[in-house]
Amino acid sequence: MHYSVDGRGFYGEFGGAFIPEMLHSNIEELKSRYLEIMEEKDFQDEMQQLLKNYVGRPTPLYYAKRLSLHFNAHIYLKREDLNHTGAHKINNTIGQILLAKRLGKSRIIAETGAGQHGVATATVCALMGLECIVYMGEIDIARQAPNVSRMKMLGAKVVPATSGSKTLKDATNEAIRDWINNPNDTHYIIGSVVGPHPYPDMVARFQSVISEEMKWQLKEQTGSENPDIIMACVGGGSNAAGAYYHYLDEDQVRLVAVEAAGLGVDSGESAATSVLGTKGIIHGSRTLLMQTEDGQIIEPYSISAGLDYPGIGPLHAHLIDTGRAEAISITDAEALEAAFLLTRLEGIIPALESAHAFAAMSYLKYRPEDVIVINLSGRGDKDLSTYIKKMES
Amino acid sequence: MNRIDQMFQKKKGEILNIYFTAGFPELNDTEEIILALDRAGVDVIEIGMPYSDPMADGPTIQESGSQALKNGMTLDVLFNQLKVIRSKTQIPLLFMGYLNQMMQYGVDRFLNACVAVGIDGLIIPDLPVDIYELELQEKIEKSGLHIIFLITPQTSEARVKKIDELAGGFIYMVSNASITGAKSEITNAQLDYFARINAMNLKNPRLIGFGISNHQTFNQACQFAQGAIVGSAFIKHISQHGNALKNSIQEFVSQLRGN
Ligand SMILES: Cc1ncc(COP(=O)(O)O)c(C=O)c1O
């Protein structure tokens, strides 16, 4: 596979582990053990059993008839919104909690933007009886209140990140600092394909169940394993990485990454990293990120807390850099409109993050006969107050 | 000879390295702080290049950096402020910052500018040893700047030896598994670690940093290493003494040294 990570932890020139010495032993332990642990039979058995009976996998692949008619294409939805806790995030937290247990860790930390990863982490910690601390930007705590309450009910401690833009980037900084301060008993469950190697590869592997199921589901429903196009929203890029994973080397399958343009790519209030980003280092990874000429990281903006991140995972930087993936950016207003379109045509209220992927249909170049899979990464319960505001305006 | 090496040749113990954030509390305090620290008898000065996302730093240094950036600090401004510093002092000067800053400025351009203003060494906490060897060692060695690496209680003996081979100037011993930030006590586990590294007879001198905040912790550090590094405690001090900067620096250093 020429899009997989190399021995040094890089995808082409992106990736690596740019970490302070204080994290070296933790990252080294993870790097030397993750593949071996993931391949153990009892790990696989326990994970598969939980994914099936606890998470509710496989998630359906649903042919969206009315949406297809609307756009004059063949659109299938991969229903990650139907997972327990309401998004794809739990695919990763189930895997990482089982790994953390085998590494003998008793304390779990995580960062969260929309709160979906925080909820998914708090959930598996409750399931395993482990202590859970979730860092969340102060702004995100306000705009994703239902998820904050869910985390608390699940027994997690939610710690506000008050520095910088007070969103996902800053929550990630705080989680990294916590890990530096607690090197022995703590595992950091990163929520996306970001951070130092081996996280991007590990999280992509845990999310790869999405495309693994897509293959046989498409075969069943269309007669071919391969769609023409796979489209997913990209914050850090974990749901997209999972949806692309088993198709990375199938060059005839187009991969489309949908980013948040916020108020518009040129507005100064955006999170469209592939357009606005340059090569640099964020959270221990060399990738594309939004930064000033002086290397200061720019505070991003999106209506969607899960896409409000100034970088993308190194795999996606590599896919975009090599032309393997195309990028489309979608504004707040377009995403909101798409959320209502999907709701009225199919009776599915999507997460604001996922709504970006649907909005991209208006920009995508396709033929009427194309089979398009859109990864519906999460459900919209957490965004209801934003949707209510839109209805009232 | 590099000014850091000269200093360690002359002075064998009780070495005091003070960190401050460039552009804090006011944009143009850089020269005044350096000269006041020099007069107060500090041995090495670490100039922090303020960064938006300083992952190895605690709240005190991060907040000073945010303020410095708001004040308008950039690398160009900093290099400009330091243009004539070498006509005023010969104290060893280090830059402390993050790899992304150096990368965006351009490695060659950055190193040339450091050499031009008379910087003696670099501390880049998120530059891992393997990336250094692969991408930067040749250039940094050619520049004559020293690269200062960190070790922690978790760093294996083999790795400490490897870092000792690659490092120049001195080794930065992180006192504890932690981010920067003033703590007031040193634990027995830390003392064991200090003694363990002390017994390794490394070729580079060592300074102990992170959590050194007063005379007692400075003294303890000096028993196991050539000296210590003080950052957050100094930043806290100057944020309380904005206007009376010069006098207060003398007072802070005297209290640390206990004289
Ligand atoms: C429903 C949903 N989709 C997508 C994302 C973005 O993350 P990623 O790009 O890692 O899939 C999030 C993040 O919180 C989310 O909650």
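In chain B, ring pairs join Phe79(B), Phe95(B), Tyr105(B) and Phe110(B) into a cluster. Please keep in mind that this is a predicted model. Counting over all chains, the structure holds 19 aromatic pairs. One of them is formed by Trp179(A) and Tyr188(A).

**An edge-to-face pair in chain A**
- The centres of Trp179(A) and Tyr188(A) are 6.0 Å apart, with 70° between the planes.
- This pair is edge-to-face, because planes over 60 degrees apart count that way.
- Trp179(A) counts as buried, because its relative accessibility is 3%.
- Tyr188(A) counts as buried as well, at 1% relative accessibility.

**A stacked pair in chain B**
- The ring centres of Tyr51(B) and Tyr98(B) lie 5.3 Å apart and their planes meet at 20°, so this pair is stacked.
- The pair links distant parts of the chain, as Tyr51(B) and Tyr98(B) are 47 residues apart.
- Tyr51(B) belongs to the loop between strand E2 (44–48) and helix H3 (59–71) of chain B.
- Tyr98(B) belongs to the loop between strand E3 (93–96) and helix H5 (99–105) of chain B.
- Tyr51(B) is buried, with a relative accessible area of 6%, and Tyr98(B) is buried too, with 3%.

**Charges over rings**
- Arg109(B) lies over the face of Tyr105(B), at 3.8 Å from the ring centre; Tyr105(B) is one of the cluster residues.
- In chain A, Lys215(A) lies over the face of Tyr247(A), at 5.1 Å from the ring centre.

Note on methods: Residues numbered from 1 in each chain as written. Chains lettered and ligands numbered in written order. Predicted model: local features only at pLDDT ≥ 70, side-chain atom pairs only at ≥ 80, totals over all residues. Heavy atoms only, no water. Phe/Tyr/Trp six-rings, centres within 6.5 Å; stacked < 30°, edge-to-face > 60°. Buried < 20%, exposed > 50% of the residue type's maximum accessible area, 1.4 Å probe, protein only. Helix = DSSP H or I, 4+ residues; strand = E, 2+ residues; numbered from the N terminus. Lys NZ or Arg CZ within 6 Å of the ring centre and 35° of its normal.
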